[in-house]
Amino acid sequence: MDLRTDRDLRHYLAARVTSLIGSLVSVVALPVLVYQLTGSSGWTAAVAAVEAAPYLLFGLLAGAVADRVRRRELMVRLEIVTGIALASIPIAWYSGVLSATQVIIVGFVVQTCFVFFDAANFGALPTLVGKEKLTSAFATLYGATTSVQLFVPALAGLAVASVAPAAMISVNVITAVAAALLIAGIRAPLSTTPTAKVDIVTGLKFLWENKIVRTLTFVGTTHAVAGGAWVAMLVPWADKVLGIAPSGDARLAALFSCWGVGGLAASRLVPVLGRRFSPAWVTLTALPASLACGALVLVSTHWLIALPAAVLWGATHSTVVLNAITYRQQEIPDELQSRVNTTCRMLSWGIGQPAGAALAGAVSVAAGPRGGLAAGLCVLTVGVAAAWITPVLRRNA
């Protein structure tokens with residue numbers, strides 16, 4: 001995509017990056033803030049719990065709402081609500097009345113806004129750029145957001161050591177307002193003509209009847225399980241297997257960035273593959289490659305081997321994800337974009353990722369962190385087999 005000539009896409013990309021920067025600051029600051037207020041690991045874990053709940057609670061509803069209303073207006077209002085909710089934290093902190101309960105409630109509200117924003121966002125990009133340019137546009141967006149994810153959490157982690165976490169939340173307030181203004185400035189439509197009759201069942205019916213989308217969703221869930229296992233086991237695996245200390249070791253920071261580096265590589269690779277091969281071919285090729293790279297990580301016992309192996313796994317993992325999302329958005333009718341994509345995201349990221357983390361954690365109690373990683377890869381093996389035995393994928397490849 002040529003950002004120099006597409007003003008609306010520049011606004012859209014800037015809004016997404018700006019919003020993500022603020023969100024990543026809050027991801028670091030909120031748990032630290034709750035721990036400072038309570039000294040309790042249970043309260044701190046509650047932050048993650050309430051942030052994960054909204055996608056499961058409101059995912060289907062959010063998709064229906066986003067297909068029914070004007071997406072630009074919805075996205076602007078959600079960013080404003082996010083900014084107002086977050087602003088209550090530094091205000092209460094400066095007033096000396098901030099409580100952990102308030103932080104938890106704000107976290108739930110903000111994440112609920114994200115679910116509805118994400119639903120609208122799924123339909124906004126295909127409408128803005130057209131389906132013929134979607135792969136390139138999404139890869140550009142993915143590359144930009146992945147770059148942000150590489151650096152912002154680390155910088156926020158350094159800042160929280162010297163700046164009060166409640167004060168750091170002000171950054172997210174500013175980015176939410178800025179993102180709302182950028183989205184409001186987009187001139188092109190972000191939605192088709194809204195309809196008064198939008199239901200959840202129609203989206204679910206499309207997902208079930210489209211065999212390729214249905215298969216990719218199932219495979220994506222198994223893929224997310226492996227990703228959840230990696231996230232859950234990364235630190236203990238680095239400590240127990242690679243001898244990388246959980247704090248004060250620069251190699252751990254490098255290990256954390258490996259999947260991000262791989263994601264950047266995938267954002268460049270997927271548009272090239274999309275021009276030469278069918279999405280089904282990319283899926284059938286990238287899935288076993290992801291499994292193989294995960295296995296390479298699993299057997300690595302030295303950090304010099306583990307780091308490039310993790311980069312390769314991140315690249316192949318992101319290739320599968322990018323390819324599946326852009327294919328879905330090309331196949332789904334405009335009036336169903338939000339509903340179907342939100343349902344797919346709920347099944348993969350909303351269910352697969354935490355399930356993978358839980359599975360890896362349970363297995364690691366008896367078999368160590370390598371056992372936890374292996375459990376996630378075993379689930380991915382099922383997904384690879386399901387993709388290859390599905391006739392419709394092989395025919396389209």
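Predicted model: local features only at pLDDT ≥ 70, side-chain atom pairs only at ≥ 80, totals over all residues.
Tutor: Local features need pLDDT of at least 70 and side-chain atom pairs 80 or more, while totals for chains, interfaces and linings use all residues. Residues are numbered from 1 along each chain, and side-chain values use heavy atoms, without hydrogens and water.

Student: Why is Asp-118 called buried?

Tutor: Buried means under 20% relative accessible area, exposed over 50%, partly exposed in between (1.4 Å probe, protein chains only). Asp-118 has 2%, so Asp-118 is buried. Asp-118 is found in helix α4, residues 100-129; helices are DSSP runs of H or I, at least four residues, numbered from the N terminus.

Student: What makes Tyr-55 and Arg-345 contacts of Asp-118?

Tutor: Contact means heavy atoms within 4.5 Å. Asp-118 touches both, not counting residues up to four places away in sequence.

Student: Why are α11 and α12 called roughly antiparallel?

Tutor: Axes are lines fitted to C-alpha atoms over the stretch in contact, with angles from 0 to 180 degrees between N-to-C directions. Under 35 degrees counts as roughly parallel, over 145 as roughly antiparallel, 65 to 115 as roughly perpendicular, the rest as oblique. The axes of α11 and α12 (residues 337-388) cross at roughly 160 degrees and come within 11 Å. The pair is therefore roughly antiparallel.

Student: Which residues make the contact of α11 with α12?

Tutor: α11 gives Trp-313, Arg-328 and Gln-329; α12 gives Gln-337, Asn-341, Cys-344, Leu-373 and Leu-377.

Key. Helix = DSSP H or I, 4+ residues; strand = E, 2+ residues; numbered from the N terminus.
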